[in-house]
Amino acid sequence: MTSDPVRLGVAGLGRAFMLMVPTFDADARVKLTAAAAPRAESRAAFEEQYGGIAYPTVEELCADPSVEAIYIATPHPQHTDIALAAIAAAASRWRRISGVR
């Protein structure tokens, strides 16, 4: 049985992301769809290589409805805030879809 690849967003396009690129590229179960990074050059390179959209903020990445999961590739002290932003965005989406307030 096959399924569609997970549409993955990436928070951070620095060293941690670059170390994972070969793994992401080799895994047919993953499709890099979107990213967030503060540097315009990094965002442009991501868009050119993967055809996805790259945002200047994590909040914009988390709000993208095409993203099913987020890989956090930022410095460790930022992980909690990014995870909480992703959870909040997912909860907001779920409430809209389900009609729960």
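A: In this predicted model, the element that gives the most to the lining of the largest pocket is helix H4, which supplies three residues. Helix H4 covers residues 79-98, and together with helix H3, covering residues 58-63, it makes up the elements that give two or more residues to this lining. The space in the largest pocket comes to about 170 Å³, and 14 residues line the pocket. If you wish to find the middle of the pocket in the model, look for Thr 57, Val 58, Thr 74, Gln 78 and Ile 82, as these are the lining residues that lie nearest its centre. Sorted by class, the lining holds eight nonpolar residues, four polar ones and two charged ones.

Staying with helix H4 for a moment, we can pick out Ala 83, which lies in this helix. Ala 83 counts as partly exposed because its relative accessibility is 29%, and the range for that class runs between the 20% below which a residue is buried and the 50% above which a residue is exposed. Between Ala 83 and Ala 45 there are 38 residues of separation in sequence, while in space their C-alpha atoms are 24 Å apart.

From the helices we can turn to the sheet. Four strands form an open sheet with parallel pairing, and their order across the sheet is E3-E2-E1-E4. Strand E3, at residues 53-55, and strand E4, at residues 69-72, are the edge strands, each of them pairing on one side only. On average, and with direction ignored, neighbouring strands of this sheet are turned by 35° against each other. Strand E1, which covers residues 6-11, pairs with E4 in the parallel sense over four bridges, and Ile 72 in E4 is the bridge partner of Ala 11.

A further part to examine is the largest nonpolar core, which has 13 residues. Val 10, Leu 13, Phe 17, Leu 32, Ala 35, Phe 46 and Tyr 50 are the members that touch the most other members. At least two residues of this core come from each of E1, helix H1 (15-26), strand E2 (30-36) and helix H2 (40-50), and H1 gives the most, with three residues. As general background, nonpolar side chains in soluble globular proteins tend to be buried together.

Methods: Residues are numbered from 1 along each chain as its sequence is written. This is a predicted model: local features need pLDDT of at least 70, side-chain atom pairs count only at pLDDT 80 or more; totals for chains, interfaces and linings use all residues. Side-chain values use heavy atoms; hydrogens and water are left out. On a 1 Å grid over the protein atoms alone, a cavity is a set of points where a 1.4 Å probe fits but cannot get out, and a pocket is an open set with protein on both sides within 12 Å along at least five of seven lines; lining residues have an atom within 4 Å of a point. Grid points are joined across faces, edges and corners, and a volume is the space filled by probe spheres set on the points. Ala, Val, Leu, Ile, Met, Phe, Trp, Tyr, Cys and Pro count as nonpolar, Asp, Glu, Lys and Arg as charged, and the others, Gly among them, as polar. Two strands pair if DSSP finds at least two bridges between them. Axes are lines fitted to C-alpha atoms, for helices over the stretch in contact, and angles run from 0 to 180 degrees between N-to-C directions. Buried means under 20% relative accessible area, exposed over 50%, partly exposed in between (1.4 Å probe, protein chains only). A nonpolar core is a set of buried Ala, Val, Leu, Ile, Met, Phe, Trp, Tyr and Cys residues joined through side-chain atoms within 4.5 Å.
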